[in-house]
Amino acid sequence: MSAVAAVPELVALATANSDNPRADFSDTPMWLSLVKALIIFVYLLVSTLLVIWFERRVIGRMQQRPGPNRNGPFGLLQTLADGMKSMLKEDVRPKASDAFVFTLAPLITATMCFVSFSIMPLAGEVSMFGHSTPFQLTDTPVAVLLVLAVAGIGIYGVVLAGWSSGSPYPLMGGLRASAQMISYEIAMGLSLVAVFLYAGSMSTSQIVNAQNGLWFVVPAFFSFFVYVITMVGETNRLPFDLAEGEGELTGGFHTEYGSMRFAMFFLGEYINMFTVAALATTMFLGGYQAPPGIAAINDGMFNEGWWGVLWFTAKLWAFMFVFVWLRGSLPRVRYDQFMRFGWKFLIPATLGWVVLVAFFRAGQNGWLGDDVVVAGRSFPIISLALVGLIAVAALVGGWLWDSRVERREAASHPRVPEEIDPYAGGHPVPPMPGQRLREPSLAAPALTAGSDTKEATRG
């Protein structure tokens, strides 16, 4: 075969093996992409208005109070009234602040969250104005890395807000926030590596499609656990809102902000909550796919078209409830405890988990030896070895933990002797319940006038 004749076959092979997104935008003109961008923008704004009301109502119920109930039915217009109040308030800027950066910081924080949502698939193929298009603005082979990169840019808004205010408390809040967000972005990125290994792609549409049979929350359960913790720390929400810390920083990096500048930070925080929740839904909960029981009805009729928006939104709001639940339940932790937990536990544990998942996937692909038949089923030998290793490590770790707890309990509660000498210390001591008295020994110190006793002191 000549080299010229082999070129088409090589191109076809490379195309088949390339990590291309599954979403097909060939029937999506530019004006339709602008319409989808407008829909996503309105979807996020309406969701933000609702989630602020939802948070107040839920926490009100948790604290046995009604929550907002004056403006509109059930207080639904309270958030809109707060937004109008922010727009009409006087805009005050500190004299020592940097005017340009002081205004730029909230704009960076608010806009970056919208950019991150552009690669989230809200549904599969839908029909819009006579065109068949994915309900997703765009997708790339490295779409998830785009979200992490945009989140890194969003940190600049917090840091610049603290620095440009010209005040010590915002500066401390900005530095604290930057250290917190950078630290937990490392663990967040590592928690997603296991999903990349299972899906074989970083494209969000490919990751959702790879979860047709089993959502990744099951095989990558530890990654899901780490991601849920890091997404709360990344969004500066209670119990990890240490960047604001009203008790010690008077509001943190946005202490000097008011009016619409403060509203931009407020908007960015809540949209960022939706962004990290949407990423968790896409990476671990099957994205827009219906729950397993419903997905099997009538050959998956509830998994097609606009039904995906319903399932995606339901999963999104489940995470919103978790955010609200944490805020209403848990107290704020200390900053040093939070950073120690991230650097000394989450990052090393996630690195170890990624190595285990890599070996497990290599065994499933047959790269580390032949399979072993157990009870009529075939298993990769490396998988069985890893399961045994994890079981032994769990047993040893449990034994060491129990031993440590027992030593700590023994140190805090010293053993009470069963028999005591009431005159052992020179003073008559009554026995504790369950103790018995021993006959006083002849070697007991005599009570003399020179003894250091209360009687001797009083004379």
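What pLDDT does the protein average, and what share of the residues score at least 70? The average is 79, and 84% of the residues reach at least 70, where pLDDT is the predictor's confidence in each residue, from 0 to 100. This is a predicted model, in which local features need pLDDT of at least 70 and side-chain atom pairs count only at pLDDT 80 or more, while totals for chains, interfaces and linings use all residues. Residues are numbered from 1 along each chain as its sequence is written, and side-chain values use heavy atoms, with hydrogens and water left out.

**View 1. The stretch of residues 1–18 has pLDDT below 50.** Beyond near neighbours in sequence, this stretch has three contacts in the model, a contact being heavy atoms within 4.5 Å. Where pLDDT is low, the predicted coordinates should not be read in detail.

**View 2. Helix α2 (residues 30–62) crosses helix α3 (residues 78–88) at roughly 115°.** Helices here are DSSP runs (H or I, at least four residues), numbered from the N terminus. The two axes come within 8 Å; axes are lines fitted to C-alpha atoms over the stretch in contact, and angles run from 0 to 180 degrees between N-to-C directions. The angle makes α2 roughly perpendicular to α3 (65 to 115 degrees; under 35 is roughly parallel, over 145 roughly antiparallel and the rest oblique). The crossing is right-handed, meaning that the near helix is turned clockwise from the far one by less than a right angle, with anticlockwise giving left-handed. On the α2 side, Leu49, Ile52, Trp53 and Arg56 meet Gln78, Thr79, Leu80 and Asp82 of α3. The residues of this contact divide into four nonpolar, two polar and two charged (Ala, Val, Leu, Ile, Met, Phe, Trp, Tyr, Cys and Pro count as nonpolar, Asp, Glu, Lys and Arg as charged, and the others, Gly among them, as polar).

**View 3. Helix α6 (residues 168–199) packs with α13, their axes crossing at roughly 15°.** These axes come within 9 Å, and α6 and α13 are therefore roughly parallel to each other. Their crossing is left-handed. In this contact, 22 residues are nonpolar, five polar and two charged.

**View 4. Helices α8 and α12 pack at an angle of about 60°.** Their axes lie 11 Å apart, and the angle makes α8 oblique to α12. Here α8 passes α12 in a right-handed crossing. Phe224, Val228, Met231 and Val232 of α8 meet Phe319, Phe323 and Leu326 of α12. That contact has seven nonpolar residues, no polar and no charged.

**View 5. Tryptophan 317 sits in helix α12 (residues 307–329).** Leaving aside residues up to four places away in sequence, tryptophan 317 touches Ser47, Leu50, Val51, Phe54 and Phe274. Its C-alpha atom is separated by 8.4 Å from that of alanine 277, 40 residues apart along the chain.

View 6. For phenylalanine 222 and tryptophan 353, the ring centres are 5.7 Å apart and the planes at 50°, so the pair is tilted (planes under 30 degrees apart count as stacked, over 60 as edge-to-face and the rest as tilted).

Definitions and conventions:
Helices (H or I, at least four residues) and strands (E, at least two) are DSSP runs, numbered from the N terminus. Rings of Phe, Tyr and Trp (its six-membered ring) pair if their centres lie within 6.5 Å; planes under 30 degrees apart count as stacked, over 60 as edge-to-face and the rest as tilted.
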